Amino acid sequence: MNFRIALLFSIGGLFFASCETSKNTNPQRYQINLLPKNDTKASGQIIVETLQQNKIHISGKITGLSPNSVHGFHIHEKGDCSDSAAINAGGHFNPDTHHQHGESIATTEYKHQHAGDLGNIKANANGIALIDVNIEKPINLIPDDKFSILGKSIIIHADEDDEKTAPAGNAGKRILCGVIK
């Protein structure tokens with residue numbers, strides 16, 4: 001009888017352990033098709049997903065860019081890509097409204113920059129940019145959280161983000177837009 005009880009406790013422990021493990025290894029994942037804006041020939045697809053410990057991973061592929069070009073890469077405050085220039089997407093995602101445009105939150109500790117500042121992407125000699133960014137803070141995919149990027153837009157700009165000039169780093173026109181949903 002003691003063997004059966006021990007076996008039941010072991011099975012129960014494994015069940016609960018596996019539930020906890022599956023909870024941590026089942027990330028939220030959103031696939032975003034980027035819509036061309038301002039008559040661009042570029043196109044792309046982005047994946048936004050949570051990793052363990054609430055880290056955000058953004059990956060994707062952009063094609064049709066000018067060879068060896070650099071482009072601003074941001075999260076914008078509104079999930080509206082309906083107009084031809086993506087102006088309806090609003091400004092950079094900035095839940096701490098006193099923050100100014102700055103360096104990428106993926107490469108610099110989040111202190112004074114917009115939460116939507118992701119820096120730049122660089123196209124190779126074939127006009128293809130591969131994106132692979134991990135972000136620890138402040139953004140997340142938690143509904144109704146101040147720093148949630150759900151329902152926000154991802155924008156690729158025509159020019160390089162200088163990571164200092166307000167409000168958007170002189171990154172130029174918005175050439176691709178997609179909503180995180």
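**Exercise 1.** Is Cys81 buried or exposed?

*Solution.* Begin with the cut-offs: buried means under 20% relative accessible area, exposed over 50%, and partly exposed in between, with a 1.4 Å probe and protein chains only. Cys81 has 8% relative accessibility, so Cys81 counts as buried. This is a predicted model, in which local features need pLDDT of at least 70 and side-chain atom pairs count only at pLDDT 80 or more, while totals for chains, interfaces and linings use all residues. Residues are numbered from 1 along each chain as its sequence is written, and side-chain values use heavy atoms, with hydrogens and water left out.

**Exercise 2.** Find the partner of Cys81 and describe the link.

*Solution.* The structure holds 1 disulfide, a term for a pair of cysteine sulfur atoms within 2.5 Å. Cys81 is joined in this way to Cys177, with the sulfur atoms 1.9 Å apart. The pair connects distant parts of the chain, 96 residues apart, since Cys81 sits in the loop between strand E4 (70-76) and strand E5 (117-122), whereas Cys177 belongs to strand E8 (residues 174-179); strands (E, at least two residues) are DSSP runs numbered from the N terminus. Cys177 is buried, at a relative accessible area of 0%.

**Exercise 3.** Identify the residues that touch the most other members of the largest nonpolar core.

*Solution.* A nonpolar core is a set of buried Ala, Val, Leu, Ile, Met, Phe, Trp, Tyr and Cys residues joined through side-chain atoms within 4.5 Å. The largest one has 28 residues, and Ile46, Val48, Ile58, Ile62 and Phe73 touch the most other members. Its largest share, 4 residues, comes from E6.
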